[in-house]
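Here's a quick briefing to read with the model open beside you. Have a look at the fold first, then work through the topics below.

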Amino acid sequence: MQTPSQLADKASNAAPDPIVLSAQGLVKRYGSLRALDTVSFHVRDGEAVGVVGPNGAGKTTLFGALAGTFPVNEGAITFNGTPITYASASERSLLGIARTYQVPRPFLGMTVFENILVAARAGGNARMSEATDHAADVLERTGLMPLANKPAAATGLLDRKRLEVARAIATRPQVILLDEIGGGLTEAELLQLIALIDSLKASGMTIVWIEHILHALLKVVTRLVCMAEGRVLAEGDPQDVMKDPEVRRAYLGSDPE
């Protein structure tokens with residue numbers, strides 16, 4: 001039988017979780033502007049990573065590149081070791097990458113349940129019976145079951161954001177990209193959303209979260225990446241990153257001293 005110290009040594013020497021999503025040297029140009037300037041980024045399986053930076057830093061452009069919303073001009077992206085640089089957004093969804101948007105994009109003429117069902121069918125490539133059961137599970141998981149038959153157009157901001165997350169997880173993703181999902185919510189509403197995201201993390205889902213509301217982000221993520229002017233300024237332990245002089249300068253616009 002191994003002693004507690006031997007078990008601790010074994011745990012400390014264990015191999016880290018495998019990298020599930022990786023980008024190397026991404027460049028995205030709009031004319032002479034480099035929205036992404038040789039950005040390299042990775043996330044390990046089951047990790048929760050936060051992405052921060054001032055407006056115009058390239059955060060949402062990075063998400064678009066990872067999700068396949070638009071092609072990059074240079075660089076390479078892999079998912080579970082498979083090259084996906086030229087894969088479409090729908091192909092990446094079927095592989096296991098889902099994303100949300102800053103402004104929720106539900107099908108307003110459909111009910112909450114129908115929105116989730118469409119995501120389960122199309123994004124998750126599931127049969128109708130399987131998709132129906134899964135959509136019901138997602139309703140329960142996200143607290144939307146009481147609103148199942150309510151038109152999406154009639155929902156409030158918090159419920160639309162829940163629905164945005166619900167539609168993403170209905171595709172059964174391995175990685176979910178959350179783009180400023182907390183914006184516009186009251187503190188009480190934000191706490192409810194944090195609890196939902198924390199539950200996704202606890203289930204083993206890999207999370208990458210762009211957010212300007214730092215105190216919300218820091219309740220969930222274990223690693224932070226700061227971007228500015230299309231580049232990665234710093235990454236690592238969230239507290240260390242936020243103390244970095246370059247990071248503070250990017251936010252404050254002057255020397256922090």
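Let's start in one of the sheets: strand S1 (residues 19-30) and strand S4 (residues 74-79) run antiparallel and are joined by five bridges. Helices (H or I, at least four residues) and strands (E, at least two) here are DSSP runs, numbered from the N terminus, and two strands pair if DSSP finds at least two bridges between them. Keep in mind that this is a predicted model, where local features need pLDDT of at least 70, side-chain atom pairs count only at pLDDT 80 or more, and totals for chains, interfaces and linings use all residues. Residues are numbered from 1 along each chain as its sequence is written, and side-chain values use heavy atoms, with hydrogens and water left out.

**The four-stranded sheet**

- S1 and S4 belong to an open sheet of four strands in the order S2-S1-S4-S5, with antiparallel pairing.
- Its edges are strand S2 (33-44) and strand S5 (82-83), each of which pairs on one side only.
- Helix H2 (residues 59-67) packs on this sheet and touches S1, S2 and S4, where touching, or contact, means heavy atoms within 4.5 Å.
- The direction of H2 makes about 65° with that of S2; axes are lines fitted to C-alpha atoms, for helices over the stretch in contact, and angles run from 0 to 180 degrees between N-to-C directions.
- For a spot to check on screen, find Gln-24, which stands opposite Ala-76 in S4.

**Thr-38, out on S2**

- Thr-38 lies in strand S2 and counts as partly exposed because its relative accessibility is 48%.
- The cut-offs are under 20% relative accessible area for buried, over 50% for exposed, and partly exposed in between (1.4 Å probe, protein chains only).
- Leaving aside neighbours within four places in sequence, Thr-38 is in contact with Gly-25, Leu-26 and Val-27.
- Thr-38 and Leu-147 are 109 residues apart in sequence, and their C-alpha atoms are 44 Å apart in space.

**Helix H2**

- Eight of the nine residues of H2 are buried, so this helix is largely enclosed by the rest of the structure.
- The buried ones are Lys-59, Thr-61, Leu-62, Phe-63, Gly-64, Ala-65, Leu-66 and Ala-67.

**The six-stranded sheet**

- A second topic is the open sheet of six strands, ordered S6-S7-S8-S3-S9-S10, with mixed pairing.
- Here S6 and S10 are the edge strands, each pairing on one side only.
- On average, neighbouring strands of this sheet are turned by 15° against each other, direction ignored.
- Strand S3 (residues 48-52) runs parallel to strand S8 (residues 206-210), and four bridges join them.
- Val-51 has Ile-210 in S8 as its bridge partner.
- Strand S9 (residues 223-228) and strand S10 (residues 231-236) pair in the antiparallel sense over five bridges, with Cys-226 partnered by Ala-234 in S10.
- The hairpin of S9 and S10 has two residues between the strands, and Glu-229 takes a positive phi near 50° there.
- Helix H7 (residues 187-202) lies across S3, strand S7 (175-179) and S8, running at about 145° to S8.

**The largest pocket**

- About 570 Å³ of space lies in the largest pocket.
- A pocket is found on a 1 Å grid over the protein atoms alone: it is an open set of points where a 1.4 Å probe fits, with protein on both sides within 12 Å along at least five of seven lines, and lining residues have an atom within 4 Å of a point.
- Of the 22 lining residues, Ser-93, Arg-99, Tyr-101, Arg-167 and Thr-171 are the closest to the centre.
- Helix H3 (89-95), strand S6 (97-99), helix H4 (112-123) and helix H6 (157-169) each supply at least two residues of this lining.
- Arg-167 lies in helix H6 and counts as buried at 14% relative accessibility.
- Not counting residues up to four places away in sequence, Arg-167 touches Arg-105, Pro-106, Phe-107, Asn-115 and Ala-119.

**The second largest pocket**

- This one has a volume of about 190 Å³.
- Among its 14 lining residues, Asn-55, Gly-56, Ala-57, Gly-58 and Lys-59 are the closest to the centre.
- S2 and H2 each supply at least two residues of the lining.

Notes: Points joined across faces, edges and corners; volume = space filled by probe spheres on them.
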